[in-house]
Amino acid sequence: MALLHGYAVLLCGLMLWAGGVCAELRIFTESARPTAFEEDGELRGFGVDVVRALIARTSRPATIQVLPWTRAYSIAQREPDVGLFAMVRTVDREKRFQWVGPILQGKGRFYSLKARQLRIDDLDAVAASGPLAVPKQWYSYEVLSRMGLDNLYGVPTPDIMVSMFRHGRVKLIALEDILLEDMLAPAGLTPADVQPHMPFMETAYYIAFSLDTDPAIIAEWQQQLAEMRRDGSFSAIFRQWLPGVEPP
């Protein structure tokens, strides 16, 4: 595998030396803890560290850029040599992208403030609870809509959702367990302040590449991700950002 990587790097170098083009990959992400966020002018996060490690191990130069999710998603469907993380892999999206991963797995649940002492055991109780705030660009919004919930309240960002929750404008929110602590923090809440209720989906997150990206790049990234799992570097990054969560 190391030999194949060396050949790939050499080939890219020879292309540049001969006046050819070894196109730079553009890797997009949205600002969402703990996957990617900016702090003191620096891009940080679990997904950022994993992708940077993969860039260092693979042959094609690449840059990481933060964009709004809808814009990044649109570009990744139209242009070559584009990656996007972290994306939930679904049946609807399967043929629209090429996939590297998984890098993260989670379970979506409904949450209420413990002080409300709510009992939510089924979707009828969810529907009867009042408006359910969910970021409209999230895959969970699509899932809950298909489940027939007519009380969805689409919001632009997770921060707005949690702020509404904190100030009592909604009784329930829908979040994934792996994101809970980081999503609650900006509103001054902790996991101890909320009550988890019934799960509604399980998800696996990947690095998605545009269909016009060379499949050899996808294969190389997948191979190097497997190597990171074998040598322990993936687990080290995972434990740093998500202690107590089981790696995929």
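**Exercises on the cavity, the pocket and the domain contact**

Domain 1 (26-105 + 204-241) and domain 2 (106-203) each contribute residues to the lining of the largest cavity, so this cavity lies between them. The exercises below concern a predicted model.

**Exercise 1.** Determine how many cavities of 30 Å³ or more the model holds, and describe the lining of the largest cavity.

*Solution.* 
- Step 1. The count of cavities of 30 Å³ or more is 1.
- Step 2. The space in the largest cavity amounts to about 330 Å³.
- Step 3. Its lining consists of 25 residues, and those nearest the centre are Glu 30, Ala 86, Trp 138, Leu 179 and Tyr 205.
- Step 4. Two or more lining residues come from each of strand S5 (82-88), helix H5 (139-146), strand S9 (172-176) and strand S10 (194-210). Strand S5 gives the largest share, 4 residues.
- Step 5. By residue class, the lining of the largest cavity comprises 17 nonpolar, 4 polar and 4 charged residues.

**Exercise 2.** Characterise the second largest pocket by its volume, its lining and the domains that supply this lining.

*Solution.* 
- Step 1. The second largest pocket contains about 240 Å³ of space.
- Step 2. Of the 13 residues that line this pocket, Ser 31, Ala 32, Arg 33, Pro 158 and Asp 159 lie nearest its centre.
- Step 3. Helix H6 (158-166) and helix H7 (180-184) each provide at least two of the lining residues.
- Step 4. Sorting the pocket lining by class gives 6 nonpolar, 3 polar and 4 charged residues.
- Step 5. Domain 1 and domain 2 each supply at least three residues to the lining of this pocket.

**Exercise 3.** Describe the contact between domain 1 and domain 2 in terms of residues, buried area and salt bridges.

*Solution.* 
- Step 1. The protein is divided into domain 1 (26-105 + 204-241) and domain 2 (106-203). Their centres, taken over C-alpha atoms, are 26 Å apart.
- Step 2. Contact joins 14 residues of domain 1 to 11 residues of domain 2.
- Step 3. About 1,100 Å² of area is buried between the two domains, and carbon and sulfur atoms account for 57% of this area.
- Step 4. On the side of domain 1, Arg 33, Gln 105 and Tyr 205 supply 35% of the area buried against domain 2, more than any other three residues.
- Step 5. The number of salt bridges between domain 1 and domain 2 is 1. Asp 92 and Arg 146 form a salt bridge in which the closest N and O atoms are 3.6 Å apart.

Conventions:
Residues numbered from 1 in each chain as written. Predicted model: local features only at pLDDT ≥ 70, side-chain atom pairs only at ≥ 80, totals over all residues. Heavy atoms only, no water. 1 Å grid on protein atoms, 1.4 Å probe; cavity = no way out; pocket = protein on both sides within 12 Å on 5 of 7 lines; lining within 4 Å. Points joined across faces, edges and corners; volume = space filled by probe spheres on them. Nonpolar A, V, L, I, M, F, W, Y, C, P; charged D, E, K, R; others polar. Domains from an automatic or database assignment. Contact = heavy atoms within 4.5 Å. Buried area = accessible area lost by both parts, 1.4 Å probe. Salt bridge = Lys/Arg side-chain N within 4 Å of Asp/Glu carboxyl O.
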